Structure formats: C-alpha cells, structure tokens
Amino acid sequence: TARISIRGLSKFYKDYLALDRVDLDVRKGERIVVLGPSGSGKSTFIRCLNRIEPHDSGVLMIDGRVIDDRTDLTALRGSVGMVFQNYNLFPHLSVLDNCTLAPRLVRGVGTSDAKATARRYLSQVNIAEQADKFPIQLSGGQQQRVAIARALCMNPEIILFDEPTAALDPESISGIVGIMRDLTEQGITTVCVTHEMGFARHIADRIVFMDRGAVLEITPPEEFFTAP
Ligand code: ADP
Ligand code: ADP
C-alpha cells in the first residue's frame, strides 16, 4: 500500500481555492519534489500532509489510515515531520536541546536516551561537533542540518521540506542532496517544495508540477527537464 494516498484533495482559504482536487500516491522511500509558480499551492499542499492546514474535501491517507479531524495531531506530526524554510529552531536552546525537546516532552523519552538519539542523528547529518552551540552561532546550512536531525529524532516515516535550499550556498545544497538520499535508504519518504531546478533534478524520483492549486503533471525528472 502507498505510504501517502491522496484523492481529490481540496482546500479553500475563505472562498479562494488553494488546492484543487489533488490526486497522488507516494511509495515508501520515494522522493517527491513539488514545483510550480509562486502562489500555486505548493506550501499549502505539503502543509495539508501533516494537517498544519486541514483540507476541506477529498481523502488523505498515511499508511492506510485516514487523516481527518479525529486524527491525533501529535502522533501525526511525529510520523510526518517537517523541515521549514527558516529552520524554526528554538533560539534559546542548544543544538542538542533543540533535538531532545520534542522526544522528551511529547514522547516521554528519558533525557539520556533522547541525547544519545540526538547525537546519533546529528552525526548522520555531520553536525555533531556543534551540539552545544546555539542556533545563532551556526551558518544557514548548519541550521538546516540541525532542523533535519531534529525531525529525525522523532523517528518519522515521512519528512516534508519547504524550500530547504532557499537560503543556502551551493556547497550546503549538495550536502542537503546527500542527506536526502540517505533518508531514502533508511526508508523515509520525502516530499519537498523547491524553486531550485538543479536541486529538484538531483533529488526527485518524481516531480509534481502545480499551477493554480491543481497538479498539472507528475513525471520523472528526466522527462520533466527534457524539452518537448
Ligand atoms: P506556493 O507555496 O506555491 O507559493 P501557497 O500554498 O503558499 O503557494 O499559496 C497558495 C495561494 O494561497 C496563494 O495565493 C496564497 O496567497 C494563498 N494563501 C496561502 N496561505 C494562505 C492563508 N493562510 N490565508 C489565505 N490565503 C493563503
Ligand atoms: P511561500 O510563498 O514561501 O509559501 P508566503 O510568503 O506566501 O510563503 O506565506 C507565508 C505565510 O503567510 C504562510 O504561513 C501562509 O500561509 C501565509 N499567507 C500567504 N498568503 C496569505 C494570504 N493571502 N492571507 C493570509 N495569509 C497568507
């Protein structure tokens, strides 16, 4: 069965149709990239997947379970993590504490277990040496890697990325490409909104192209980037 199954998903902001009957199935470990003009509904779409935005009609299923207004949002957001464009790290917490907070408070994981897990994921994204620093002391690329490690600490099945490379230099971007490929090897499914065509081409298994709230095309990158 599909890890994410979406049928006829629609979303309004007042009377503005921001998502127009979107259909998509995503397999375990697949990397989906969502492209489209500014305002086409890309952010709205991924925010519906962990119900930061509730959809208005259609069906969203994660691992065969229907996501609706009865869904336990804490559990959902544990299994569907999100990495935000501006990282959204807690500025008053160290890197390590950023990574242990949710496992401790939401999952009731003990402090020493949470720290051990955090150090493991910080190592995976090659930022373990910065564990005791504060976010402001890190570069954008480093903060982005902390944000990914923080998401991983909740042991998610799916990670959503909103413009993960927006503020990054080319070297940091290639680091993120490597990390996203590693996630797939761990069986984690990723759905990523981006404007960066080069990045999209490197990481996408399939590209979902949106315009005015609708999905116009779902294609492998080699087709998407070949002129007709
Ligand atoms: P994209 O990510 O493709 O730039 P968005 O999903 O952010 O597109 O936005 C799609 C449309 O919905 C835009 O016209 C945007 O202004 C509008 N929109 C997004 N969020 C809200 C909101 N919270 N309230 C009202 N309109 C919104
Ligand atoms: P992006 O295009 O990068 O997705 P935006 O700058 O369009 O982001 O939106 C930033 C925030 O403002 C989001 O939380 C979005 O939901 C909200 N937003 C966007 N458009 C509107 C709108 N027309 N009315 C109210 N909120 C909006």
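**Entry 1: ligand 2**

I began with the residues around ligand 2, and they are Ser43, Arg47 and Gln85. Keep in mind, as I did, that this is a predicted model.

Next I looked for a polar contact here. I found a polar side-chain atom of serine 43 at 2.8 Å from an oxygen atom of ligand 2. How much of ligand 2 does the protein bury? I noted 22% of the 550 Å² that ligand 2 exposes when taken alone.

**Entry 2: ligand 1**

Then I moved on to ligand 1 and wrote down its surroundings. Tyr13 and Tyr16 are there, along with Pro37, Ser38, Gly39, Ser40, Gly41, Lys42, Ser43 and Thr44. Ser43 was already on my page, as one of the residues around ligand 2.

Which helix gives the largest share of the shell around ligand 1? I found that helix α1, residues 42-49, supplies three residues and so holds that place.

I then went through polar contacts of ligand 1, one at a time:

- For threonine 44, I saw a polar side-chain atom lying 2.5 Å from an oxygen atom of ligand 1.
- For serine 43, I noted a backbone N or O atom 2.8 Å from an oxygen atom of ligand 1. With ligand 2, the atom of serine 43 in question is a polar side-chain atom.
- For tyrosine 13, I found an N or O atom of the side chain 3.4 Å from a nitrogen atom of ligand 1.

To finish the entry I checked the burial of ligand 1: taken alone it exposes 560 Å², and the protein buries 58% of that.

**Entry 3: helix packing**

How do α3 and α5 pack? Helix α3 (residues 95-107) and helix α5 (residues 140-152) have axes 8 Å apart, at an angle of about 25°. Angles under 35 degrees count as roughly parallel, so I put α3 down as roughly parallel to α5. I also noted that α3 passes α5 in a right-handed crossing.

I followed α5 on to helix α6 (residues 170-185). Their axes come within 10 Å and cross at roughly 15°, which means α5 is roughly parallel to α6. I logged the passage of α5 by α6 as a right-handed crossing.

Last, I went back to α3 and looked at helix α4 (residues 111-124). I read an angle of about 125° for this pair, with the axes 9 Å apart. α3 and α4 are therefore oblique to each other, and I noted their crossing as right-handed.

Technical notes. Residues numbered from 1 in each chain as written. Chains lettered and ligands numbered in written order. Predicted model: local features only at pLDDT ≥ 70, side-chain atom pairs only at ≥ 80, totals over all residues. Heavy atoms only, no water. Near = heavy atom within 4 Å. Polar contact = N/O pair within 3.5 Å; in protein donor to acceptor, adjacent residues only side chain to side chain. Areas by Shrake-Rupley, 256 points an atom, 1.4 Å probe, with all protein chains shown as cover. Helix = DSSP H or I, 4+ residues; strand = E, 2+ residues; numbered from the N terminus. Axes fitted to C-alpha atoms, helices over the stretch in contact; angles between N-to-C directions. Parallel < 35°, antiparallel > 145°, perpendicular 65-115°, else oblique. Left-handed = near helix turned anticlockwise from the far one by under 90°.
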